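Visitor: Could you take me through this structure feature by feature, giving the general idea before the particular case?

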Amino acid sequence: MDIRSNEPYWLIVNSLPQSYPSLQKSISSEVLVIGAGITGALTAYKLIEEGKKVIMVDRRDICNGSTAASTSMLQYEIDVPLHKLIEQVGLTCAVSSYQNCEKAIKELKKVATKVKSSCDFEYKKSVYFTSSKKDISFLKDEFEARQEHGFKVKWLLKDELQDLGLKAFAAIESQSGAIMDVYKLANDILKYCSKKGLEIYDRTEIEEIKTNKEKTIAKTKSGLTIEVDHVVHCTGYESTETVKENIVNLKSTFALASEAYETLPQAFKKHIYWNTDAPYLYFRSTEDGRIVMGGGDRDFKNATRRDALLPKKERELAKKFQKCFPEIPFIADYSWAGTFGETKDGLPYFGKTDPQKNEHYILGFGGNGITFSAMGMDAIIHSINKTPHPYLEYYKFNR
């Protein structure tokens, strides 16, 4: 699957931090992690910390799938609003999912500090706003649900938003948000783990996985084998190639990075933004003084159609930015597109698809893909050890 197009901003500013060899001989270990993006990196980190012997493979260069295309905004808010999620999955699952996404932001900071990553992690306030009068009551319901369940939120009125430079009717300001360069963090985690014994092989594609007695054997396209006790799939949107269940609705999404400002606009010094539109837009700043925005999702995954739309989407997104921030000039410097997906409840999938096989999945989808991946670090240990954990119940397959 072609899951991104054009060279995203993160690839350009980081170049290629390090390279790894492809697999050249058949090998064995305890755990095989398939997928070397941020999900695979965090999963491998946890397994290595637990003393496991781990092999990692990716069909591409390391971190060159969805991780490279991410806009790297960290929010505890899930694609499905809390008051709607409570109706869908119940109070306990909904509230704990929001709470654990909030904790995951702090956990990502801890990991970044531990591996000494230069990923420009920075806490920001998150502003969830509406540019439409009809969404004010919806947003108020969401504010009250979050407030009732202990989240630190503030209701912002039109004049207060105007002071921020944002043209909108109302908003929820949350204390918990952050930005970083997830491409850099994932690479730094893998570099740290490789020094701890993680074996990494890029441009190595797994073609078939079979169970032989108590071992699981993965066969590469070149005919080599990797024999392990457990396989962990961290393949994101490409998991649709191996999971039979219809778990995610794939879409095309688009992103822009502006030229660098001499001085970062005041509105972006302490805040990140997203709105109630469907599909929603989101905005953040970067360490080198740019503004990154994304959205404009379309309900198809065809890469050719997606890439053909990029020039049009670039103009469309820049125009929408101007409507939200009329006093801030936006000149696009980079644009890219990728595959994006949402689950029916906005939640991830963790655990096994088949209880009889030692194949596990850590799949974070939607706008919370990165925080879900951090939550997956806890889930994978319990999935492998066959011990109960709330995540393996809340986010199970066939739910």
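**Reading the features**

Guide: K319 has a relative accessibility of 57% and therefore counts as exposed, where exposed means over 50% relative accessible area, buried under 20%, and partly exposed in between (1.4 Å probe, protein chains only). The model is a predicted one, in which local features need pLDDT of at least 70 and side-chain atom pairs count only at pLDDT 80 or more, while totals for chains, interfaces and linings use all residues. Residues are numbered from 1 along each chain as its sequence is written, and side-chain values use heavy atoms, with hydrogens and water left out.

Visitor: In which helix does K319 lie, and which residues gather with K319 in a patch of positive charge?

Guide: Helices (DSSP runs of H or I, at least four residues) and strands (runs of E, at least two) are numbered from the N terminus, and K319 belongs to helix α9, residues 303-324. A patch is built from residues with over 30% relative accessible area and no salt bridge, joining like charges within 9 Å and nonpolar side chains (Val, Leu, Ile, Met, Phe, Trp, Tyr) within 5 Å. Lys and Arg count as positive and Asp and Glu as negative, with His and the chain ends not counted; each charge is placed at NZ of Lys, CZ of Arg, CG of Asp or CD of Glu, and areas follow the Shrake-Rupley method with a 1.4 Å probe. Here the surface patch of positive charge brings K319 together with K133, K158, K167 and K323.

Visitor: What span does helix α2 reach from its first C-alpha to its last, and is α2 enclosed or open?

Guide: The expected span of a helix is 1.5 Å times one less than its number of residues. Helix α2 comprises the 12 residues 38-49 and reaches 16 Å from first to last C-alpha, close to the 16 Å expected. It is largely enclosed by the rest of the structure, because 10 of its 12 residues are buried. The buried residues are I38, T39, G40, A41, L42, T43, A44, Y45, L47 and I48. Just after α2, G51 takes a positive phi of about 85°.

Visitor: Which residues other than glycine have a positive phi, and where does a cis peptide bond occur?

Guide: With 76% relative accessibility, K116 counts as exposed. N398 also has a phi near 55°, in the segment after α11 (390-394), and N398 is exposed at 58% relative accessibility. The cis peptide bond joins A278 and P279, with omega about 0°, and P279 falls in the loop between β17 (271-275) and β18 (282-285).

Visitor: How many salt bridges does the structure hold, and which side chain meets that of R59 in a salt bridge?

Guide: A salt bridge requires a side-chain nitrogen of Lys or Arg within 4 Å of a carboxyl oxygen of Asp or Glu, and the structure holds 23 of them. In one of these, R59 meets E205 at 3.1 Å, N to O. Because E205 lies in the loop between β11 (199-201) and β12 (206-212) and R59 in the loop between β4 (54-57) and α3 (66-69), the pair ties together parts 146 residues apart in sequence. E205 is partly exposed at 26% relative accessibility, as is R59 at 29%.

Visitor: What separates the C-alpha atoms of S222 and S239?

Guide: S222 and S239 are 21 Å apart from C-alpha to C-alpha, and 17 residues apart in sequence. S222, in the loop between β13 and β14, is exposed at 61% relative accessibility.
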